[in-house]
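Subject: Structure handover

Hello,

Here is the structure you asked about.

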Amino acid sequence: MSPNRLMHYMLPRKRAAEVEVVEGETENNISTNNANDVPVTPPIKKHHISTSDATDLTANSKAVTVGDNSSNYSSTSVIEPPIMALGGANLNDIDEDLHSRQLAVYGRETMRRLFASNILISGMQGLGAEIAKNLILAGVKSVTLHDEGVVEMWDLSSSFVFSENDVGKNRALASVQKLQELNNAVVISTLTTNLTKEQLSDFQAVVFTDITLEKALEYNDYCHNHQPPISFIKTEVRGLFGTVFCDFGPEFTVFDVDGEEPQTGIIASISNDNPALVSCVDDERLEFQDGDLVVFSEIQGMTELNDGKPRKIKSARPYSFTIEEDTTKFGTYVKGGIVTQVKQPKVLNFKPLKEALKDPGDFLLSDFSKFDRPPLLHIAFQALDRFICEVGRFPVAGSEEDARKLTTIAANINECLAEAKVEDINPKLLRHFTFGARAVLNPMAAMFGGIVGQEVVKACSGKFHPLFQFFYFDSVESLPAEPLEPSDFKPLNSRYDAQISVFGSKLQKKLEDAKVFIVGSGALGCEFLKNVALMGVSCGSQGKLTITDDDVIEKSNLSRQFLFRDWNIGQAKSTVAASAAASINPLLKIEALQNRVGPETESVFNDDFWENLTVVVNALDNVNARLYVDQRCLYFQKPLLESGTLGAKCNTQMVIPHLTENYGASRDPPEKQAPMCTVHSFPHNIDHCLTWARSEFEGLLEKTPAEVNAYLSNPSEYAMSMRNAGDAQAKDNLERILECLEREKCETFQDCVTWARLRFEDYFVNRVKQLTFTFPEDAATSTGAPFWSAPKRFPRPLLFSAADPSLLNFIMAASILRAETFGIPVPDWVKNPKLLADAVEKVMVPDFQPKEGVKIETDERATSISTVSTDDAAVINDLLFKLERCRNNLPPGFRMKPIQFEKDDDTNYHMDLIAGLANMRARNYSIPEVDKLKAKFIAGRIIPAIATSTAMATGLVCLELYKVLDGGHKVEDYRNTFANLALPLFSMAEPVPPKVIKHKDMSWTVWDRWILRGNPTLRELIQWLKDKGLNAYSISYGSCLLFNSMFPRHRERLDKKVVDVAREIAKAELPSYRSHLDVVVACEDDDDNDIDIPQISIYYG
């Protein structure tokens, strides 16, 4: 990604060194300084900031001292320049342990641009706090908070940074401490007086959440015409309505429009035609589209295409395409070749707000059932601005007079629009808009905080396509199903008054008394806890929130899981998150557990627990756990609110009893796995090399030492189990143990270096020589086709050279980790390249001669590379005899130390070894190598994650939570969402209803469970079904058959209680906390047609 077109982005000079500096904020020292006055900084509060950033800040006159006479607190918020910079940190250091998941989304270049960006956020109610949170977690250089108002009780239902103690303080000043805790490397400062447009020149991007249209036009005009342009974002959330407007200047360059990796294909043939037809191997479908530009490389024969010139694709199909190129006079294609997509920059011409208001262009749609809504909301937000200017206040919730006035203003604006006039101004919708106009709701703030936070990242980096230019959204379906009386909106002088002004006090009571189960306390879980605490969910006398997570906090969590701090590393996630949520709202009734939710914890999460729940919210990171919770919610008929994120993408799914299908009703296809033989002998991309490298790491450093210890702990029992197994796997295990304790045993660090050097020779020289001996370059398959045809790549052995730093690094990492498994101290000289090279030179490397008749697996269906022989038993006995003799020579109590792969510690050499293994193998096969970070993403199976998409997903889910807890909504009121903030794309739709099965006058869905009480016999169960016109022929419990009409002896069981048959035949151990068991019954109707009936619960207690 070329930074040349990004005119005003300068990389920061230094980052990482931190000092504590004094910041002024004291009740007793009221300052009324103007922006140009000398800072007065009483030594009261301290914040961590980057020394370099503080210097830059002061140099740029960004430490602004401002006055606000309405506050009892000093409006001075200044960061002093440090006396000296600390340390010699790398100029562009990125803390990869902290930001690894974000780096997987953005890449280093974007992160560096973020580190250089100064952002202004004006308006520090709930929306401003959410935007600030997401940008501070992302790691921008500085955030300046601007607000002239003071905290009111009204603000507490939308902003996580305020507490009741902050009421009366300036909003910006009251926000600093909690926001600073999120990331000490970001400089946070405040402005508390009137903002002049000239002050905007200090920022790359400015965000306004609460200004008049008149001011917005003034600021936007300045930003649009500034050189370089300042990215301008105006956003508002008003009750259940929200808007975003973006203007990034007259010419803004997007370097990467979607954030996806460039698509590639492996070429199978190219025709000598005009246009030329390119066919690719059917290993994977091509994702090219007509108009894409591609480049070619590694083609043999038609080498003219290897010139690096981008060519346009036409007629794109799953495995072929044509290119606009006459190849009739080119060389004839022989073999090989890779085709790679070239991503093109895109220049956007933004219109200033003044023009865009009159000619908004195409609105970004989120819900196609509301395609006519954005033009109306475009008018409504202008009408609200005019209402406030004319009346001097926001409309009052429940005031019909205010609603009529705003509707009249909207109608007048509409009349002036000529061709853009809206046919129906929808007074009912405008009434809802008017009533909630003063309220900032937390779920709306969370959703828009995610969207706007991402837009700021785009503005600062050119990464992803900006929102162009207006976006409007509403969630009026979240309002209670029953109409509200004006008295319902009356404020109660509580922290929830803003929310009550939209939903009324009855729904607020339902929220407070809800019994909620949040499963997972990671990124999604932290956001959910914050949201429900602010909404007042489970904060009443009857309410209870249970959260569970069996994981502990790691450093890499801190860039997204915003309730955690660096001093929490190693602590239980659920406990820390629950404590943090309770500090947001002390009324929250929360219990934190550390249990994984699954069959093994059904004694903890028992029937009583599930039956007493109001709703379940999933915040999980794996499909299996989601499926289990889904089955529990189906069984107990509980609503399940499901969500997930992947980089800039997020989705939400509502699972509502009897209204929607369940989560498990539709599944994504399983991920395609590379065949075993491809990974072990015929890799053709870096993923294959990294999969092999991780497998070798685990085999050498974890599994083999663990097998050694298993043998040494109980030799006779281990020997017996190997003899009983008597297979190729047992033989392989014993061979590895013997090799580790005899031929490759290490006693000194030099032995470890020798082992590492010989491993290199085995992996990257000898095995390749053997493979190309068995299958020479001109080898043919049984059909006569070339064996080494695409996607196979012909490998070549490497030549070891201690002068190659990458080879020496491999030796260093391998020898250090080998020493760790044997408990051998690591000498300092290993990190000195010359001394390590000397140690490597001492190693005697034997010559290798390829052998005849070596079997190398080429069958893509094979699942194991172990070869089976008829004399395994004899070989196993011989190996055990040798092992026993070897064991007698070991020191008493000798054990190895198995190493478990840990990707998130850059000092443990794990990724150094895996990246080294993968890149050496890639070099064998002429596959492009990757750096350690990219290797970590692939081998560590790191899921890309950023705070913005997480915030948006949880905001959307909590808008649905209002509907669930109200209880009266229809399926058409609910919304499932898929969003991609990179594009940006928002796609909302009604959930799919469950499949209905009908029989006679009955109907049922997956949600139904039939209940039979009174401890019935098998005969009574069969008769009960017969009365419904169903003939039961088979009854089973779990995997055990209790009754089948085909077996005469089963009739003896008919008069026994179902529970007794289950205990006797199925050996069912029914726990004391359960009073029923579930049976599956196969039935036919009278015409012998199979009928799929619900599960039946037999109550015996």
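Cys689 is buried, at 0% relative accessibility; buried means under 20% relative accessible area, exposed over 50%, and partly exposed in between (1.4 Å probe, protein chains only). The closest cysteine sulfur to that of Cys689 belongs to Cys677 and is 14 Å off, which is too far for a bond. A disulfide is taken as a pair of cysteine sulfur atoms within 2.5 Å, and the count by this rule is 0. Cys633 is likewise in no disulfide, its nearest cysteine sulfur being that of Cys958 at 16 Å. Cys633 is buried, with a relative accessible area of 0%.

Before you go further: this is a predicted model, in which local features need pLDDT of at least 70 and side-chain atom pairs count only at pLDDT 80 or more, while totals for chains, interfaces and linings use all residues. Residues are numbered from 1 along each chain as its sequence is written, and side-chain values use heavy atoms, with hydrogens and water left out.

Aromatic rings

Rings of Phe, Tyr and Trp (its six-membered ring) pair if their centres lie within 6.5 Å; planes under 30 degrees apart count as stacked, over 60 as edge-to-face and the rest as tilted. The count comes to 48 aromatic pairs. One of them is Phe517 with Phe609, which is edge-to-face because the planes stand at 90 degrees, with the centres 4.8 Å apart. This pair links distant parts of the chain, 92 residues apart: Phe517 is in strand β18 (residues 515-519) and Phe609 in helix α15 (residues 607-611). Helices (H or I, at least four residues) and strands (E, at least two) are DSSP runs, numbered from the N terminus. Phe517 and Phe609 are both buried.

Tyr711 and Tyr718 also pair edge-to-face, at 5.9 Å between centres and 75 degrees between planes. Both Tyr711 and Tyr718 are buried. There is also an aromatic cluster whose members include Phe208, Tyr219, Phe363 and Tyr472.

Charges over rings

A charge sits over a ring if NZ of Lys or CZ of Arg is within 6 Å of the ring centre and within 35 degrees of the ring normal. Arg921 has its charged end over the ring of Trp692, 4.3 Å from the centre. Lys1028 lies over the face of Trp1024, 4.6 Å from the ring centre.

Position of Phe978

Phe978 is in strand β24 (residues 976-980). Its relative accessibility is 34%, so Phe978 counts as partly exposed.

Regards
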